[in-house]
Amino acid sequence: MCALDCIVIGVGGIGAAVLERLARRGLRVLGIDPLPPGHGFGSSHGATRLIRRAYFEHPDYVPLVERAYQAWADLEERLGRRLLNTCGLLQVGPDGGEVLRGVRRSAREHGLDVRDLSYDDIRAEFPAVRVPASWSGVFEPGAAYLPVEACVVGLASLAVRQGARIHLGERVCHWEATSEGVRVRTQHNTWPAARLIITAGAWAGHLLGERNVSLRVLRKPLYWFDVADGAYDAANGFPAFLFETAGGIFYGFPRIDPDGLKVAQHSGGKPVDDASNLDRTIDSEDLAEVRRFLVSHLPHAGDRVQRHSVCMYTMTADGHFIVDRHPEHPQVTFAAGLSGHGFKFSPVLAEALVDLSIDGQTELPIGFLSCNRPTLGNSRREAP
Ligand SMILES: Cc1cc2nc3c(=O)[nH]c(=O)nc-3n(C[C@H](O)[C@H](O)[C@H](O)COP(=O)(O)OP(=O)(O)OC[C@H]3O[C@@H](n4cnc5c(N)ncnc54)[C@H](O)[C@@H]3O)c2cc1C
């Protein structure tokens, strides 16, 4: 019999939540990661990740977001600190664009609390925002930001408090299915376990095999700009924002601290060949695009970049997550390709992964995230 019920590869945003959930069920679990929870070299670092209900990407995410709000609120109680920082979200763009069409569809289908804004409404309510007269918007008052690093560290520490072990400083280089479950190997250790859950973010493609899951990692720079006045301050009620422009989708957070106004491009991004050697320098082309966005739409922002950072999106072909059991090894479960919008779901994806791994099924509505869906274009599906 295996000493471990489950190994989790990667203790980032999703892995920390998975470990916590497994440990809460009283299982003997081990998380492995070369870096400590909350580190800045994957996709779950910094202080802000947005959580929003009116999901433009697809209405099927809405029930999962609702559950995520509950799970974060529950975690707030258990950690004794605030995680959901309600700031509201202003989304603007052309009426027929992907964002507003999607937001309105999700809001309609799920009866969500959002407010439609005409061009005149936007001008009156958000005087520091500039949009063309042909645009409109939607305001979602319940949108919030999550302090991402604090969430990951909190989840990992709860996991450990409940009995999970976390082995740091080593990278998993190989795993194999065995008659008893799995065997997981790092540079210096080999661990057998009954089950394996892979939550390795930008590194998942290597661990899952290209034939099973095809992922593309993109480099995502973000910037904090100076603002001369308080026009974009959270303290003055300025919300998080997402603009669909002809030049791409841009988003950001109100100024929360002296770092400034955080702005980045959601669309685009240069491919990353090696996630362990990410270029962290400022990309002048990307910066020029973000500056052009600011000049056109948020004119109170200054030109000076006070801080910058680089993160990674791990994309699937259709932009939706993959949360499933491994097509060849049912004792292996994974979440991959979170496509730049997965953090808010961490506790819910953890619930789904643990259900699938331990119980073999889940009642959560995650069928649309299966690895067999045709829109993924996996080579395995095309094989004869
Ligand atoms: C700039 C940016 C903004 C974003 N904004 C939002 C947002 O507003 N809202 C939202 O919901 N989502 C957002 N996202 C997406 C979200 O942050 C990610 O989807 C999510 O954090 C990914 O979590 P993860 O656990 O998959 O990856 P990570 O947190 O990167 O964790 C993966 C872990 O696996 C470990 N690992 C890798 N390989 C191995 C190995 N071989 N052995 C052991 N361990 C390994 C890594 O060290 C890492 O700790 C954003 C992402 C970025 C980059």
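## Burial and contacts

In this predicted model, buried residues make up 56% of the 384 residues in the chain. A residue counts as buried when its relative accessible area is under 20%.

Contacts tell us about the fold too.

## Overall build

How many helices and strands does the chain have? There are nine helices and 21 strands. The radius of gyration is 21 Å, and the globule rule gives a value close to this, 21 Å, for 384 residues. The chain is therefore as compact as a globular protein of that length. Along the principal axes, the C-alpha atoms fill a box of roughly 65 × 40 × 40 Å.

## Surface and charge

The accessible surface of the chain is about 15,800 Å². Carbon and sulfur atoms hold 49% of that surface.

The chain carries 41 positive and 45 negative side chains. The centres of these two sets lie 3 Å apart.

Strand E5 covers residues 89-94. Is E5 largely enclosed or left open? Five of its six residues are buried, so the rest of the structure largely encloses E5.

E5 pairs with strand E7 (residues 135-140). The two run antiparallel and are joined by six bridges. Here Pro94 stands opposite Trp135 of E7.

E5 also pairs with strand E15 (residues 240-245), this time in the parallel sense. Four bridges link E5 and E15. Gln91 faces Leu242 of E15 across this pairing.

## A three-strand sheet

Three strands form an open sheet in the order E3-E8-E4, with antiparallel pairing. Why is one side of E3 and of E4 left without a neighbour in the sheet? Strand E3 (49-51) and strand E4 (85-86) stand at the edges. Each has a single partner strand, so one side of each has no neighbour in the sheet.

E4 and strand E8 (residues 144-146) are joined by two bridges and run antiparallel. Thr86 stands opposite Ala144 in E8.

## A hairpin

Strand E20 (residues 322-325) and strand E21 (residues 332-336) run antiparallel, with four bridges between them. Which residue of E21 is the bridge partner of Asp324? It is Phe334. A hairpin of six residues connects E20 to E21.

Key: Residues are numbered from 1 along each chain as its sequence is written. This is a predicted model: local features need pLDDT of at least 70, side-chain atom pairs count only at pLDDT 80 or more; totals for chains, interfaces and linings use all residues. Side-chain values use heavy atoms; hydrogens and water are left out. The radius of gyration is taken over C-alpha atoms; the globule rule is 2.2 Å times the number of residues to the power 0.38. Buried means under 20% relative accessible area, exposed over 50%, partly exposed in between (1.4 Å probe, protein chains only). Accessible areas come from the Shrake-Rupley method with a 1.4 Å probe; for residues, only the protein chains shown count as cover. Lys and Arg count as positive and Asp and Glu as negative; His and the chain ends are not counted. The place of a charge is taken as NZ of Lys, CZ of Arg, CG of Asp or CD of Glu. Two strands pair if DSSP finds at least two bridges between them.
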